[in-house]
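Visitor: Before we look at any single feature, could you show me how to read a model of this kind, step by step?

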Protein chains: 2
Amino acid sequence: MLADTRTNAGVDNIATFRKLATLEVPGDRVIGVMSAGNLAISQAALHIATETGIKLPNGEMHTLHSVPGIAQAAQLLGEAVREVYRSDGPVLEAQTGEFKVSFLLGGQVGTGPMRLFQVYSAGNFIEATEDTPFFQIGEHKYGKPILDRAASFDTKVSDALKLALISMDSTMRSNLSVGLPIDLMVYRKDSLKIGLQRRIFEDDPYFSNLRREWSDALSRAYRAIPGPDWEF
Amino acid sequence: MLADTRTNAGVDNIATFRKLATLEVPGDRVIGVMSAGNLAISQAALHIATETGIKLPNGEMHTLHSVPGIAQAAQLLGEAVREVYRSDGPVLEAQTGEFKVSFLLGGQVGTGPMRLFQVYSAGNFIEATEDTPFFQIGEHKYGKPILDRAASFDTKVSDALKLALISMDSTMRSNLSVGLPIDLMVYRKDSLKIGLQRRIFEDDPYFSNLRREWSDALSRAYRAIPGPDWEF
């Protein structure tokens, strides 16, 4: 999971907020949550999901700390979004015309499977599959082509990490509203502990090197393709 | 200039329309016009600009065939957009909430300079410069990163052609609303004739090869970047 930290209310009102939340109880659960959209909505929903709690269909009150499975965690976060919608939605829609938030929630709880979900503003959600093994939220277009070309269900986690960083770099170069530092979390299936958690700043040696090598490789690559034999 | 040909009114209503119009009077002028946005608006504006004509500030009636300079061509097209706005804008805005069209217009007239303009829905326009030597309209995000990285004022036209095709390929892979065939036009400064005009279909040998080589190069490039020494 990789998230930038830039939020903005216009280009003259830019701030840094963590958009990757991680929850780890070693041996029991790891849940990562990334958010996009309206920051007040995502913070309110996360607060409900992690602190206040939500009553699940079975009548039990749970937070992400206690929920018995990763799918229920997505459901719980979706219900939290709906609770925020009930309280803040009417005013937001009247004033801004929209209630807009999205989340990626992934991880593993106990002996259950590792799963990844995308939660929508409406509180409903979809799950990543072998056909569509990655999700993006927020400003996704600039960074999507490299993922579409290179990322598949069989991609090794070390390659996926590089692809995520390349994708984020492409986005940051083309859109001011996405910016460093970026937060990275790697979780390996069945480990039930966070494999890597790292905030990457401008001067990170690995990321700087990757950006440079990728740019150089692209320049070499397009120059190496022969020109057409069309006359012009 | 490179334009796709896909238009859609929803994913179940897709059609092929030429979005690159070229006007050539050898020895006198070459003008290329690409459009994005509402097809009825762009066709109506182009009809006015090329057939009906517009009265310029000096009181003379002109079309793109007769206009005395390339900047006046952009101005004329902008005025044509405003004429369409006056006739169709109120109904369109009432029914769809928007009046949305954009054009790229470039070329050369007589002994004047070669110039490139982007014309907005409001009929006003901007010009490409050394700092910002390329424009994109329509679905621009997927194809922008490679241009941002590799295209500059000094890029040779043969490299620019490859970059434009790579950028369009990235867009077509990630967005169904952009599709083959694509129309290409190359104009060389001071030639006052079209250098190359070509419609590129699915089976075009050069474009097929470029797509394959680019994909292979990207795969090799990201694999060649060493992984981080972070433990995970």
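Guide: Let us begin with burial: a residue is buried if 20 or more other C-beta atoms lie within 10 Å of its own, exposed if 12 or fewer, and partly exposed in between, with the C-beta atoms placed from the backbone. The model is a predicted one, in which local features need pLDDT of at least 70 and side-chain atom pairs count only at pLDDT 80 or more, while totals for chains, interfaces and linings use all residues. Residues are numbered from 1 along each chain as its sequence is written, and chains are lettered from A and ligands numbered from 1 in the order in which they are written.

Visitor: Which residues of H5(B) are buried?

Guide: Helices (H or I, at least four residues) and strands (E, at least two) are DSSP runs, numbered from the N terminus. In H5(B), the buried residues are B:Phe207, B:Leu210, B:Trp214, B:Leu218 and B:Tyr222. They lie on the same side of H5(B) because they cover an arc of only 80 degrees around the axis, the arc being that of the directions from the helix axis to the C-beta atoms. On the other side of H5(B), the exposed residues are B:Pro205, B:Arg212, B:Asp216, B:Arg220 and B:Ala224.

Visitor: What covers the buried residues of H5(B)?

Guide: For contacts, the rule is that the C-beta atoms of two residues, placed from the backbone, lie within 7 Å. The cover includes elements of both chains, namely helix H3 (144-150), helix H4 (157-174) and helix H5 (205-224) of chain A, together with helix H4 (157-174) and strand S12 (194-200) of chain B.

Visitor: How many residues does the contact take from chain B and from chain A?

Guide: The size of an interface is often given as the accessible area lost when the parts come together. Here a residue count is used instead: 39 residues come from chain B and 39 residues from chain A. On the side of chain B that touches chain A, H5(B) gives the most, with 12 residues. The residues of that side divide into 20 nonpolar, seven polar and 12 charged, where Ala, Val, Leu, Ile, Met, Phe, Trp, Tyr, Cys and Pro count as nonpolar, Asp, Glu, Lys and Arg as charged, and the others, Gly among them, as polar.

Visitor: Where is B:Leu192 found, and what is its phi?

Guide: B:Leu192 is found in the loop between S11 and S12 of chain B, and has a positive phi of about 50 degrees although it is not a glycine. Because B:Leu192 has 20 C-beta neighbours inside 10 Å, it counts as buried.

Visitor: Which peptide bond of chain B is cis?

Guide: The bond from B:Leu180 to B:Pro181 is cis, with omega near -5 degrees, and B:Pro181 is placed in the loop between H4 and strand S11 (182-187) of chain B.
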